[in-house]
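Please look at the chain below with its domains, helices and surface in mind. The report that follows takes these topics in turn.

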Amino acid sequence: MKIQGKMFIWLSVFILAVAIVYGYWSKEPAGTTALFLAFGLAIMIGFYLAFTARRVDAGAQDNTEADVADEAGEVGFFSPHSWQPLALAIGGAFAFLGIALGWWLVYFSAPILLIGLFGWVFEYYRGENRTQ
């Protein structure tokens, strides 16, 4: 994880340099703002990865002598049958469509978003999957 943190920090330095040069030459506020926001995003991700890398054990990606098989094993638990991301996607689509069509549509999308969010968070606390 150390190498990913370094990559994002160096990427943020590059984006900052590009934002300064672009802002000076173009005098265009929208692109300059977007580049500075991209710098902020890259620096936040880089510092998070660098901070987390100090707290966890070194992974196979940090070892230059590692093989592909060194990272083998269980990555995590992923729900194979969850319908909640679909509800979140529909609610999110209606919410963003509400920005274009009218804010009244956001009032109809908020319950769909909340149902999808709470269903996804608590899907293994109730029902047939309670014991997993």
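## Domain arrangement

Between the C-alpha centres of domain 1 and domain 2 there is a separation of 31 Å; domain 1 covers residues 1–57 and domain 2 covers residues 81–120, with bounds that come from an automatic or database domain assignment. This is a predicted model, in which local features need pLDDT of at least 70 and side-chain atom pairs count only at pLDDT 80 or more, while totals for chains, interfaces and linings use all residues. Residues are numbered from 1 along each chain as its sequence is written, and side-chain values use heavy atoms, with hydrogens and water left out.

Two pairs of residues give further distances. Ile9 and Gly92, which are 83 residues apart in sequence, lie 31 Å apart from C-alpha to C-alpha, and the C-alpha atoms of Gln4 and Leu114, 110 residues apart along the chain, are separated by 34 Å.

Helix 2 (residues 29–55) contains 27 residues and spans 39 Å from its first C-alpha to its last, close to the 39 Å expected at 1.5 Å a residue; helices are DSSP runs of H or I with at least four residues, numbered from the N terminus, and the expected span is 1.5 Å times one less than the number of residues. Gly31, Thr32, Ala42, Gly46, Leu49, Thr52 and Ala53 of helix 2 are buried, where buried means under 20% relative accessible area, exposed over 50% and partly exposed in between, with a 1.4 Å probe and protein chains only. The cover over these buried residues includes helix 1 (2–26).

Within helix 1 lies Ile9, which counts as partly exposed because its relative accessibility is 23%. Apart from neighbours within four places in sequence, Ile9 is in contact (heavy atoms within 4.5 Å) with Gly46, Phe47 and Ala50. Lys27 is placed in the loop between helix 1 and helix 2 and is exposed, with a relative accessible area of 62%. The phi of Lys27 is near 55°, a positive value in a residue other than glycine. Most residues other than glycine have a negative phi.

## Helix 3 and helix 4

Phe94 belongs to helix 3 (residues 84–101) and, at 35% relative accessibility, counts as partly exposed. Leu114, found in helix 4 (residues 104–121), is likewise partly exposed, with a relative accessible area of 45%.

Note on methods
Helices (H or I, at least four residues) and strands (E, at least two) are DSSP runs, numbered from the N terminus.
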